[in-house]
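User: I would like to go through the labels attached to this structure and see what each one rests on. Please set each value against its cut-off.

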Amino acid sequence: MTPGRASLVIGAATVSGGGQADDIAVINPADQQIVGYAPAAGEQLVDDAVQAARRAYGDWSARPAAERAAHLSVIARWIRSRAGELARTLTLEQGKPLSEAASEVSAAAAAFDYYAAEAVRVYGQTVPTDSRTLRSLVIHQPYGVTAAITTWNYPLGLMAWKLAPALAAGCTVVAKPSELTPLATLDLIRGAAESGLPPGVLNSVSGTGAATGRYLAGHPGVAKISFTGGTSTGRQLLELAARDIKSVTLELGGHSPMIVAADAPLSLAVPDAVKRSFRNAGQLCNSVNRIFVERPVAQEFTEKFAAAAARLTVGPGLADPEPDIGPLTSAAALDRVERHVADARQAGAEVLTGGARPPDGPASAGYFYLPTVVRGGDGLLMLREETFGPVAPVVVVDDLDEAITAANALDFGLVCYLYTRDLRTSFTAAERLEFGTVSVNSVGGGDVHYPYAGWKRSGLGVELGRQGLEEYLRVKNIRMEIGYP
Ligand code: NDP
C-alpha cells in the first residue's frame, strides 16, 4: 500500500503541504514502516489558519446554540459513518489493537453528541442588586479562537474532547495533533469541513511541537490554549500564554496510584489492575503507575496480578487474532521503559514477569515491550516518574495511612484508584487523596459525562462533563440602570 498524504483544512482551502521534503513521515510503531505523510505547517500557514478562525468567529459565535449543536451532531454521524477507516488509521499510526481503536473512535463521536446536547444549556443568571432600579445579568460568551494541541496516545479521543466543547461554546478552533499521530485527526477535520461546517470554524495545522505548536500557541490572535500532553510542555505553554494573558486549560502527566486495602475484593482488584496498567501498552495519562497493597493481601494480590500480566498477548494491533497489547508508539517511549526497568533491577527490585522486549515473532520488529510487574526496591525511578509504558510496580504497605501518604507524596494529582469493601474508608480516603479523580472499586475514567481535572502538576482547569464546556466560556456581567429620568 502506498502511504497516503493527509491534507490540512485552512478556512475554505484544503492544503496538502509543500512537497515531501517538508512533510512529516508517520511511522507504524508495529513495524517501523511509513504509513502516511502529513504537512509540516510553517509560520505562514499557522497565521493563515488563525486568521481564518478569527474571520469565522463573529458569525459562528452569534449563531443560535441549537444551530451549532446541529453541526456537532452531523460531525458525530460522520465519525460513525467512517468508524472502520478511522480505527484502522489510528492503529496504523499509534499501535493500539483495532478494537481499542474502534472504542476510541466511538468515544470521539460520543463527545460530539454530548456537547451538542450541552450547547443549548448554557444558562446565565439574574443577580439581585441593592437598588430598586439596577438590574444585573450574568451571561457566558466564548473566548474566541482556541488552539487545541494534543498528544499521541489517544489522538482522536483527546482532540474530540477539545473540539466538541469549544465549538459548542461558540469558539472557532485551530487544531494541532501530535506529529507522531496526525492522520486520523486530520481526516476528522476534513470530514467536518465536508459535512458542512462553515469555513474557518475548524482548521488544522500539523507539524512539530517546537515549530508549528509554538507558533500556534504564541500567536496573538489565539485567545485560548487547550492542551493535552506532558507537564514540561504544559509549563512552556503557560509561560507563553502569560505574555498575552491567554486563557489556558492543561491536561498533563499523571502518576496514578492504586491502593488495595486488606478488605478489597481481589477478584475485582486484580483484573482492574491488569486493565489499567497495560491498556494501550501503559500509555495512558491515568495508567496505574504504582500499586500500594496492604500487607495481609499483598502476596495473593501480587502473585495473581503477575500471573494475569504474563498471560497477556503482545503483537501488532491489526493482527488476527487480536493481541491484548500493541507496541509503544515511539522509540523514545521504548527507551524510557527500558531505562526504568534497568533502574529497578539495579535497585534490587524483583521483576516478576516481563522486563524485556519480546524475543522473536512479529512483535520483535516494532517498539514492543512485554507487560512487566515489579516488586519491592527502594527509591525506584518508576515510583517517581511516569513510565508511560506497560510496567507496574507493587509496593507493600502496613496500613491505609501509609498508602494515602505515599499516594499524595508526588507532585502529580490526576487519578487515584482505591479498592475496599468499606464505605467509610471509601469516603474518608477519597476526601484525603489529592487527585482530581478518585475512582473507588473501578478503573473507569476519562468519560465524557464527568469532569476530569488534573490537580497539582497534572493540570489546570477541567476537561469533560458540563465543566469542560465552561472552560471555553468567559463571564460577562451586564448591569442596567433603569431608573433614568
Ligand atoms: P508533549 O507534551 O511532548 O506533546 C504534546 C503536544 O504538544 C504535541 O502535539 C506536541 O507536538 C506539542 N508540543 C510539544 N512542544 C510544544 C511547544 N513548545 N509548543 C507547543 N506545542 C508543543 O507530549 P508527551 O509525549 O509528553 O505526551 C505524553 C504526556 O501526555 C504524558 O505525560 C501523559 O500523562 C500526558 N497525557 C495527559 C492526559 C490528561 O488528560 N491529563 C491525557 C493523555 C496524555 P509534537 O508531538 O509534534 O512534538
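Predicted model: local features only at pLDDT ≥ 70, side-chain atom pairs only at ≥ 80, totals over all residues.

User: What makes up the contact of H5 with H6?

Analyst: From H5 come Pro155, Leu156, Met159 and Leu163, which meet Ala184, Thr185, Leu188 and Ile189 of H6. By class, seven of these residues are nonpolar, one is polar and none is charged.

User: How many aromatic pairs are there, and what makes the pair of Tyr114 and Tyr115 edge-to-face?

Analyst: The structure holds four aromatic pairs. For Tyr114 and Tyr115, the ring centres are 4.9 Å apart and the planes stand at 85°.

User: Why is the pair of Trp152 and Phe388 edge-to-face, and which parts does the pair tie together?

Analyst: The ring centres of Trp152 and Phe388 lie 5.5 Å apart with the planes at 80°, so this pair is edge-to-face. Trp152 sits in the loop between strand E8 (145–149) and H5, and Phe388 in the loop between strand E16 (372–375) and strand E17 (391–397), so the pair ties together parts that are 236 residues apart in sequence. Both Trp152 and Phe388 are buried.

User: Which residues do ring pairs link into a cluster?

Analyst: Phe278, Phe301 and Phe305 are linked in this way.

User: How do you know that Glu118 counts as buried?

Analyst: Its relative accessibility is 10%, and buried means under 20%, so Glu118 counts as buried. Glu118 lies in helix H4 (residues 98–119). Leaving aside neighbours within four places in sequence, Glu118 is in contact with Arg466 and Leu469.

User: Why is Asn286 called buried?

Analyst: Asn286 has a relative accessible area of 4%, which is under the 20% limit, so the label applies. Asn286 lies in the loop between helix H9 (266–278) and strand E14 (288–294). Beyond four places in sequence, the contacts of Asn286 include Ser256, Arg276, Leu414 and Tyr452. The C-alpha atoms of Asn286 and Val443 are separated by 9.2 Å, with the two residues 157 residues apart along the chain.

Conventions
Residues numbered from 1 in each chain as written. Heavy atoms only, no water. Contact = heavy atoms within 4.5 Å. Helix = DSSP H or I, 4+ residues; strand = E, 2+ residues; numbered from the N terminus. Nonpolar A, V, L, I, M, F, W, Y, C, P; charged D, E, K, R; others polar. Phe/Tyr/Trp six-rings, centres within 6.5 Å; stacked < 30°, edge-to-face > 60°. Buried < 20%, exposed > 50% of the residue type's maximum accessible area, 1.4 Å probe, protein only.
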